[in-house]
Amino acid sequence: MAKNPQTAFYRLSKTPIEFGVFSSDATLATFLSQGMLTVSKADGTGILHQFEIGGSKVTGLAISQDSTLLAVSFEKFIVVWNLISGAELGKFNVVGSSEFAKISHIALYAKPLKLLVGMTDGTLNLLDFENSLTKQVKYHDARISFLALGSHRQLIISAGHDGLVSLHDANTLASTYQYRMSKRVTSLAHNFQHNVLFISDALNDQILINPFAAELAVTKLKYKERFRWFRAAAISPDGQYLATGSSKFWWTLWHASNGQEIGAFAIKAASTTALILDMHINKQNILTTLNSDGIVEHWDINALLKMNR
């Protein structure tokens, strides 16, 4: 008998969640529901912290790569908490090139503390707290929808609603690579080495590329429908497999090398409107998903591959 590929699930919230992200190893999840920000163990074994947010509009959440810090962005400022003590470390105002710009996306890193802040006008801010520096650059012409700092902190990846995907030198913020989609970027994922990027736009262009290859090779996802829309994605650390979350209550597994679909799988949901908010694949090929009903699921990709041979 084939091993059950859906190995476990946990419900972290009884009320729908508006924002939700995993820590870098998917052992923690932080989510916003009814004005309360919760940091919980992803396996449902306990709540670590809760912070009252109230009616202020949250624009982004981020946990540092070592799971010691939490950042929450609002339209004009960011609040950072220490997840060991639960203490608030500070509140930081951030501006864009335009006076009307608001914060659209954040990424947080510890030891040393750095914040990447994307704005609705396309401005990218790097807040370097160790050196008391703020660097700002503007390569995007519209809202920044994705930000990440490379594993060795040498590069920054950004993507926006202008369709541009850009790699930057983390020290100078100079752009070292650019790729442009025809529509706004709705999701972006990368493997550990950053030599496999998945980029999805808002219409029917979903591709995999290696930004470091001598010659550009574009692999397109292959499916029968006229278009699909992806709001979340994850690539396995070795770059072999891609998981995507749709605008509905299922996710799809793909071969990253050729864009072929392996299978589609329904998520557990408490409502008909549930959708995936975040996804993570570890080195053992276990996919972890968090959906808007507050449910965390674990999927064994190796078992799925055996079932779909």
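Reader: I'm new here, so let me start with the rings: which residues form one aromatic cluster?

Author: F198, Y223, F230 and W254 form it. Before we go on, this is a predicted model, where local features need pLDDT of at least 70, side-chain atom pairs count only at pLDDT 80 or more, and totals for chains, interfaces and linings use all residues. Residues are numbered from 1 along each chain as its sequence is written, and side-chain values use heavy atoms, with hydrogens and water left out.

Reader: Okay. How many aromatic pairs does a search of the whole structure find?

Author: First the general idea: rings of Phe, Tyr and Trp (its six-membered ring) pair if their centres lie within 6.5 Å; planes under 30 degrees apart count as stacked, over 60 as edge-to-face and the rest as tilted. Here the search turns up 10 aromatic pairs. One of them is F230 with W254, an edge-to-face pair at 6.2 Å centre to centre with 90 degrees between the planes. This pair links distant parts of the chain, 24 residues apart: F230 belongs to strand β22 (residues 230–235) and W254 to strand β24 (residues 250–255). Strands (E, at least two residues) are DSSP runs, numbered from the N terminus.

Reader: Are F230 and W254 buried or exposed?

Author: Buried means under 20% relative accessible area, exposed over 50%, and partly exposed in between (1.4 Å probe, protein chains only). Both F230 and W254 are buried.

Reader: Which ring does the charged end of K91 sit over?

Author: A charge sits over a ring if NZ of Lys or CZ of Arg is within 6 Å of the ring centre and within 35 degrees of the ring normal. For K91 the ring is that of F77, with the charged end 4.3 Å from its centre. Likewise, K268 has its charged end over the ring of F9, 4.7 Å from the centre.

Reader: Now sheets. In what order do the 4 strands of the open sheet come?

Author: Two strands pair if DSSP finds at least two bridges between them. The order here is β2-β3-β4-β5, with antiparallel pairing. β2 (19–22) and β5 (47–52) are at the edges with a single partner strand each, so one side of each has no neighbour in the sheet. From one strand to the next, the twist averages 10 degrees. Look at β4 (residues 36–41): 5 bridges join this strand to β5, and M36 has E52 as its bridge partner there.

Reader: What do β6 and β7 form?

Author: A hairpin, with 5 residues between the strands; in the turn, S67 has a positive phi of about 65 degrees. The two strands run antiparallel and are joined by 5 bridges, and V58 stands opposite F74 in β7. β6 (residues 58–63) is mostly covered, with 6 of its 6 residues buried.

Reader: Last one: which residues touch the most other members in the largest nonpolar core?

Author: In soluble globular proteins, nonpolar side chains tend to be buried together. A nonpolar core is a set of buried Ala, Val, Leu, Ile, Met, Phe, Trp, Tyr and Cys residues joined through side-chain atoms within 4.5 Å. The largest one has 28 residues, and L116, I156 and I199 touch the most other members. Strand β14 (residues 144–149) supplies the largest share of this core, 5 residues. Apart from it lies another core, of 18 residues, including I262 and W299.

Technical notes. Axes fitted to C-alpha atoms, helices over the stretch in contact; angles between N-to-C directions.
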